[in-house]
Amino acid sequence: MKPQAAPSRAPAPAEALTGVRTLAELNAIISAADPNVPGGTRAVLGEGPLHPALAFVGEQPGDQEDLQGRPFVGPAGELLTRAMADAGIRREASYVTNSVKHFKFEQRGKRRLHQKPTAGEVSHYRWWLKRELEIVAPKLVVALGATAVLALAGKALPVTKLRGAFRFDGVLGYITVHPSYLLRIPDAAAKRAAYDAFVADLKAARVLANRGPAHRAERSGGRDAPPRRSAQPTGARGGGRGTP
Ligand code: URA
């Protein structure tokens, strides 16, 4: 079965959201809006405390997230939660959200197959994410994978090359891979190395967030001088969901 046609009602642009002061107000708007991607049944909102050290931004909810109405609760979410714990980060003390708030999928028999959101779809949802992060005001935003980088930076940037500390529109950030990418690496040793590198990224992000404003790098819209670890993503590469 083909997915439903993408509805016409787009998320509100930035100006329409400037009067929105609280997360409850913003979430009410997001929940009431039609999905801007084919598939999407309900909006999956971000969750976590205001003013956390870290906010994590993923791509979009998956099948489990859509069913449960919570971000990162499926296989990628389990991996993210484990990596956070291994990096000394409490998930419940962090804010977790997505670039696109609805699950974009194609129905094939009983299965709902994840579809990568287009750049246009990501940019429609971007205003919500921007306002959301202004209200949540984390010390540092972790971009998980290429779609989050696109949403936060407003343009496509190479994750592998820029992996590390980064500023998004003046906001302290950190670019790393998406946990789904790790799940798709077939070779066990490569998968383990990629997982270790991911945990090292999360640790570096935690340290950077806890250093406070005085230690934040000054460059805007570019890469900071990050605490680095050596490994780069290894294993499965290519387009679609396997892309970091
Ligand atoms: N992948 C994401 O990017 N977000 C989720 O919430 C789940 C999987």
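I call a residue buried if 20 or more other C-beta atoms, placed from the backbone, lie within 10 Å of its own, exposed if 12 or fewer do, and partly exposed in between. The model is predicted: I take local features only at pLDDT of at least 70 and side-chain atom pairs only at pLDDT 80 or more, while totals for chains, interfaces and linings use all residues. I number residues from 1 along each chain as its sequence is written.

Entry: H124. I found H124 in helix α5 (residues 119–136). Helices here are DSSP runs of H or I with at least four residues, numbered from the N terminus. H124 has 20 other C-beta atoms within 10 Å, so I logged H124 as buried. V100 sits 24 residues from H124 in sequence and 8.6 Å away in space, C-alpha to C-alpha.

Entry: α4 and α9. How do α4 and α9 pack, by angle and axis distance? I read an angle of about 60° between helix α4 (residues 75–86) and helix α9 (residues 188–211), with the axes 8 Å apart. I fitted axes to C-alpha atoms over the stretch in contact, with angles from 0 to 180 degrees between N-to-C directions.

I then listed the contacts (C-beta atoms, placed from the backbone, within 7 Å). A83, M84 and D86 of α4 meet Y195, F198, V199 and L202 of α9. By class, that contact has six nonpolar residues, no polar and one charged. Ala, Val, Leu, Ile, Met, Phe, Trp, Tyr, Cys and Pro count as nonpolar, Asp, Glu, Lys and Arg as charged, and the others, Gly among them, as polar.

Definitions and conventions. Helix = DSSP H or I, 4+ residues; strand = E, 2+ residues; numbered from the N terminus. Contact = placed C-beta atoms within 7 Å.
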